[in-house]
Each structure stands twice: as C-alpha cells, then as structure tokens.
Amino acid sequence: MLDEHPPVPWFEVHSENFFCAGGEMLQTLDAVRRDYPISLHGVGLSLGSSHQLSERHLANLKQLIGRVEPALVSEHLCWGAVDGRHLNDLLPLPYTEEALDLMVSRVTAAQESLERTLLLENVSTYLTYRHSTIPEAEFIAALAERSGCHILLDVNNIYVNATNHGYDAEKYIHAIPKQTVKEIHLAGFTRKEGLPVDLLIDSHSRPVADEVWRLYRLALNHCGPVPTLIEWDQDIPPLHVLLAEAAKAEDRLHEYRALAA
Amino acid sequence: MNTAPSLLNLQADFARWMLGERGLPLPEVVAGNGLAPAARLQIYQNIIFNNLTAALRTDYPAVLKLVGEDFFESAAARYIREYPSRSGNLQDFGAAFPKCLAAMPEAATLPYLGDVARLEWARQESYLAADAAPLDAAALASLPEDQHATLRLALHPSLRLVESAHPIWDIWMFCQEVAPQRLNLSGEGQALMVWRDTRQLVMQPMAGGQREFVAALLGKKPLAVAHASAVTAESQFDLTACLHWLLQTGLITGYSTNGPTWVSP
C-alpha cells in the first residue's frame, strides 16, 4: 500500500494496534503519517463500563496521540469490561438516565485527560434491554450536548440496528444534531441465516449495501459533506476493490458539494 | 431482576454469562423481540469467543499447526474462561496461554506444547518491544580498566532467551511452511535467542558459555559475573568473540559502570 501511494485523502487505524513500544507497526504508521492525515479509532477504552477508566489505556492513547498528531480521535458508545475482566467487544448499553450520566462523566474525563475532543460512534447491537427508556439517537445526541463530544455517525450501524430492532433509520438520522457529526463510517453487513427474525451482523467483510448507500445520501443532506471512511477489516479484498468502494463514497461527497454550490 | 438492575450489576452478570455462567437473571432484562433472549446473548458470546480465539490464532501459529483447529479452539475456549482478558488491548491477551496449555490434562501427551507457546509469546513480545540504538564498540573499548569490574551491559529491549528441555527450535521449524520432513521430538533440549533486527524477527539457537553469558546479562548481572558463569559452563568460552558478536548484531544498547547510571548512544 505504501508503494502504491493510493489517492485517498486520509487513513484510519485502530488505536490499540499501535500501543506497542516500538518496531515495524509504529514505523509503518509513521511512514503513512508522513504522507496522509491519520484518524485514531479506538475499540478498547470501554467508556460505558461502570468501573473506572483504565489509566494505563488512557496513557497509551495519549502517547500515541502525541506521536501521530491525528486529525480525529474516536471511540464507541458501548461498554466492554467489568471488574477488570475485558470481553474485548463493543457491547450494548441500556439507554437509561444512569448510563447517560455515566457516559457523560467518562467522556468528559477522557477528553480532559487526552486534551482532545473525542468523536463517539454509534455501534451495531444484537439485543436491547427491557429497561431502556431513551431512544438511541436521543441518547447519543444528549451525550454530545452534555459532554461536548462530537459524533462519528456509522450509517451502516444505523441500518443494522433499524433492521434488528425495528426502528426508523431515517428518523434516527434526523434526530442527530447535524453540527456535531464530524465523520461518517460505512461498511458491509452479513445476514444471520436460519432465524425467525431479520438479524444483521456488522461484519466489515463485504461491500456497502445499496440501502446503506441510500441512507448515506440522506446523512450527507442532513450533516453536510463529512469525511467518510469505508470499514473493511475482515476478509480484506485486494486494494483496488477497497479503493473503488472509497471512490464511491467520494463521488457522493462531490455530488453533494456540487448540488450545494 | 424484577426491578431494573443497576448498570454495574447488569455488566457483571453479562460478563459472567459470556464466560459461561448460567442461572443468572440476565435474560429477563433482555428484550426477545422475536427471539429467545438467551439466543440474543448467545450471538454476543459467539462473537466474543471468535474474536479472542482469532487473537490467539495470530499469536500462536505453531501451536495451531501442532494441535489442529479443533483442539486449538477448545484450548482457546478454556483459556478465555479460565484466564479472562485483563486489557482493552487484544495484543495483551495471549500472555498466559503457554501456562494454560502446559496445565491442560488433554495436552499431557504433548509435553513440549507449553514451551513452543512460550517461544511464540517471546516472538510476539519481541515484535512489539521498544526500539533502541546500538552501542558503538569504541564506547566500550575506551573504558578505563579500573571500571571493568563493575561494568554492566544493557541488551536490546526486544531480546528474549527461551529455554526448554525439548527441541523447541526443531519443533518450531517443523511448523513453518518450508519445513524439514523429519522431526525427532525426543531430541535434546534447546535454548533460543529471539530479537528484532530493525524490522524482522531473528532467532538463534544458543548453547554452552554463550547461553550462560546472555542469560546472566539479561538477569542484570555485571559483566564479570556473566563472564565467570559462562566460563563455568564452558571453559573455552571466548569473551571477546561473544562481545564482538553482540555489538555487531546491535544487541548491546548501553552500559553502566556506576550502579543506576546508564550510558546509551
């Protein structure tokens, strides 16, 4: 990839993959950084966990931010650990006042410690809790308003959750405060077979679905031309296939800009 | 859970359920929405086990080759349950897998398995370790003789010494894509040095005085002590040649003649 120097505007990496002290991984990241802006996308800070934020994880992230000087730093609206045990997955929160208060205080603390505004991403979920009282879009909007964080809007995750839990994806997008959205994610999902209900899994292993491209256009109309990333990190295809997906998103961004002009 | 659980209780139960505990009130708070609540939880359990197993597969390719997919998966499942992940960084997860494998009754017929795993974890640690500039040979050569007695050497942060009562170098080589056709599992024990040479991992079998010398330096012993134990192991041990090789390979990265004060390039 470094040799081909692909014509893409920026790259995003998983922050934790570069928590190492030295070696090839960091050398490669430095080389990419010399030519492109980088976005750091974390999967392990576990902001929604009841236990304290991991000081070690925050310190590692802060050090990486100092090294990379990223354009964006993002994390997820989820939890992943309890009592020091990590499940290393993006797990669903109940959307309650208690969880909202916790997320607001954790995001505020992390932003203070990192001296950065964080982007929080909506995640795909495969279950909801009976005691949730706040619709997801309102929950993330309130989090942004109270903590000052920005939103990484994953349009595929909205589509996946709308299908899995039976809500209206367009209404979701319209409930997001447009000025807080600073990045969009697109990805492919897989459909779980043999179940009595529709269930989509956010697998990052396939091209973006047509319905998701349609929602993406709607999201652009709502939020404006926001930097957009294609997530494809399982069953990764040849680079030209990835670049073609990325070009498709760029085309829609250009289309939006042309219409807006 | 007739009333809504606190977030802490919900997360604690969720983690227990994922690691295999049943009889918890957790399914009662999950909306079924056309499926059994337990079926929805099961989706998460599968994803979690798949993710963590995939991380182990990346860290332990030789172990996977030795035991095959089915055994590896069940060993991984045991590891996930008995040694829960303690970090939000998946790179940390596999640290205790060698210990888990060595203690598995099902692996008792493969007494070398834990040691091969230790070698693979040393490779992982070495790959991710800090960088350090090599020390110039002239810096050591110019030290006044009266400082030799207290001299200590700092070795490259990526350097690991893995020792086994089994032929782990031969076994590891046998697991590679281009592998020797025959393997004698009951061969003599082997020791290996693992380090990172700019980008690539390098492994080198170690024996005799050289092995003792590097082990002592890794144990932070003064050069004179390391030299003495190398000579005890091998009366012909050539200190000059060994130091020359370590310097040339870039594995000596600093020195100290005065306790805690280290000099590095």
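Reader: What radius of gyration would a compact globule with 261 residues have, and what does chain A have?

Author: This is a predicted model. A compact globule of 261 residues would have a radius of gyration near 18 Å. Chain A has 18 Å, so the two agree. Along its principal axes, the C-alpha trace of chain A spans about 50 × 45 × 40 Å.

Reader: What share of the residues in chain A is buried?

Author: Burial here means 20 or more other C-beta atoms within 10 Å of a residue's own. Buried residues make up 45% of chain A.

Reader: What secondary structure does chain A have? And what share of its contacts with a separation of 6 or more joins residues 24 or more positions apart?

Author: Chain A has eight helices and 12 strands. Of the contacts with a separation of 6 or more, 77% link residues 24 or more positions apart.

Reader: How many residues of chain A are in contact with chain B?

Author: The size of an interface is often given as the accessible area lost when the parts come together. Here we have residue counts: 41 residues of chain A contact 38 of chain B. In chain A, α1 (24–35), β4 (79–82), β5 (85–91), α3 (97–114) and β7 (128–129) each supply at least two residues to the side that touches chain B. The largest share, six residues, comes from β5(A). By class, that side of chain A has 18 nonpolar, 16 polar and seven charged residues.

Reader: Which strand of chain B is joined to β7(A), and how do the two run?

Author: Strand β1 (residues 30–31) of chain B. Two bridges join the strands, which run antiparallel. Look at Thr128(A): it stands opposite Ala31(B) in β1(B).

Note on methods: Residues numbered from 1 in each chain as written. Chains lettered and ligands numbered in written order. Predicted model: local features only at pLDDT ≥ 70, side-chain atom pairs only at ≥ 80, totals over all residues. Contact = placed C-beta atoms within 7 Å. Helix = DSSP H or I, 4+ residues; strand = E, 2+ residues; numbered from the N terminus. Nonpolar A, V, L, I, M, F, W, Y, C, P; charged D, E, K, R; others polar. Pairing = 2+ DSSP bridges. Rg over C-alpha atoms; globule rule 2.2 N^0.38 Å. Buried ≥ 20, exposed ≤ 12 C-beta atoms within 10 Å, placed from the backbone.
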